[in-house]
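Please look over the model shown here.

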Amino acid sequence: DGIRDSSVTGVQTCALPISLGRRQQLAYRAVNRHPEWDGELLASVDPVALGPLRHHLDARQAWADHAIGREPTEPPTELPAWRIVAPLPADELLGYYREAEAATGVPWEYLAAINFQETRMGRITGTSDAGAVGPMQFLPSTWAECCDGDPEVARDAIMGAAVYLVQRGAPGDMEAALTGYNPNSGYVGAVTAYAQNMMDDERAYFGYHGWQVLFGTTAGTVRLPIGYESTVAIPVEAYLAEHPDDLIG
């Protein structure tokens, strides 16, 4: 696993166009599509990759458990009204996570995991369906009650997230704090799994930093590359007619 190779720098791990994180993302996507592989993979994978694989499967299982008993939803026929931008450099973001940990006691790995889950480390910009904004996805009303600065500025948003988590039980009870952040058991389980992966080996963070924005649709999974921008939802078929290489199956 090159992500955990100490001779490979964080910059190299995150380097585009073919980052190690991007390769990891596509490999895990294949794992997600074939849960019947799990037993064989866990028995045969290289020991250095076993822990990360287990954490990934834990994240996947958290979402699966959350879906039990719920009505399945059809994939969307449109791509979202988002703008996809390059994330801030990995070392810069890591500095903001560590700064927030020093100020509040919230482990930086949880802040990175939230940033990863919410917006792929700030790649996704735009307002969510619920009205949340910024790299850590705050409702403006929530931000006004808890935090200072600008929720669309990474440093402010990361510090704000740490403050908000403390108000809900962090760092002593991270499960309660995450539930306060998003009362969705799949979300809480996935963020916890991502954070634990980084706690086991902080170089896992550089892998996550390289993940792209992938969006599931009726046509299949579509890559939303840096430079994608729309102020309105786009019919997926129309987008793919102009950008066929962004369909990854």
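## Ground rules

Helices (H or I, at least four residues) and strands (E, at least two) are DSSP runs, numbered from the N terminus. This is a predicted model, where local features need pLDDT of at least 70, side-chain atom pairs count only at pLDDT 80 or more, and totals for chains, interfaces and linings use all residues. Residues are numbered from 1 along each chain as its sequence is written, and side-chain values use heavy atoms, with hydrogens and water left out.

## Loop residues with positive phi

Most residues other than glycine have a negative phi, and most peptide bonds are trans. Met-121 sits in the loop between α6 and β3 (124-125). Its phi is near 65°, a positive value in a residue other than glycine. Met-121 is buried, with a relative accessible area of 2%. Buried means under 20% relative accessible area, exposed over 50%, and partly exposed in between (1.4 Å probe, protein chains only).

Gln-137 belongs to the loop between β3 and α7 (140-146). Gln-137 is not a glycine, yet its phi is positive, at about 55°. Gln-137 is buried, and its relative accessible area is 17%.

## A cis peptide bond

The peptide bond from Ala-170 to Pro-171 is cis. Its omega is near -5°. Pro-171 is in the loop between α8 (154-167) and α9 (174-181).

## The disulfide

How many disulfides does the structure hold? It holds 1. A disulfide here is a pair of cysteine sulfur atoms within 2.5 Å. Cys-146 is joined to Cys-147, with an S to S distance of 2.3 Å. Both cysteines, Cys-146 and Cys-147, are buried. The torsion about their S-S bond is about -75°, so the disulfide is left-handed.

## Helix α5 against helix α6

Two packed helices are described by the angle between their axes and the distance between the axes. Axes are lines fitted to C-alpha atoms, for helices over the stretch in contact, and angles run from 0 to 180 degrees between N-to-C directions. Helix α5 (residues 90-104) packs with helix α6 (residues 108-119) at an angle of about 130°. Their axes are 8 Å apart. The two helices, α5 and α6, are therefore oblique to each other. Angles under 35 degrees count as roughly parallel, over 145 as roughly antiparallel, 65 to 115 as roughly perpendicular and the rest as oblique.

α5 passes α6 in a right-handed crossing. A crossing is left-handed if the near helix is turned anticlockwise from the far one by less than a right angle, and right-handed if clockwise. On α5, the contact (heavy atoms within 4.5 Å) is made by Leu-93, Leu-94, Tyr-97, Arg-98, Ala-100 and Glu-101. On α6, Trp-108, Leu-111, Ala-112 and Asn-115 take part. The residues divide into 7 nonpolar, 1 polar and 2 charged. Ala, Val, Leu, Ile, Met, Phe, Trp, Tyr, Cys and Pro count as nonpolar, Asp, Glu, Lys and Arg as charged, and the others, Gly among them, as polar.

## Helix α6 against helix α10

Helix α10 (residues 185-200) also packs with α6. The angle is about 130°, and the axes are 8 Å apart. α6 and α10 are therefore oblique to each other. α6 passes α10 in a right-handed crossing. Contact residues of α6 include Trp-108, Tyr-110 and Phe-116. Those of α10 include Tyr-187, Tyr-194 and Met-198. This contact of α6 with α10 divides into 13 nonpolar, 3 polar and 2 charged residues.
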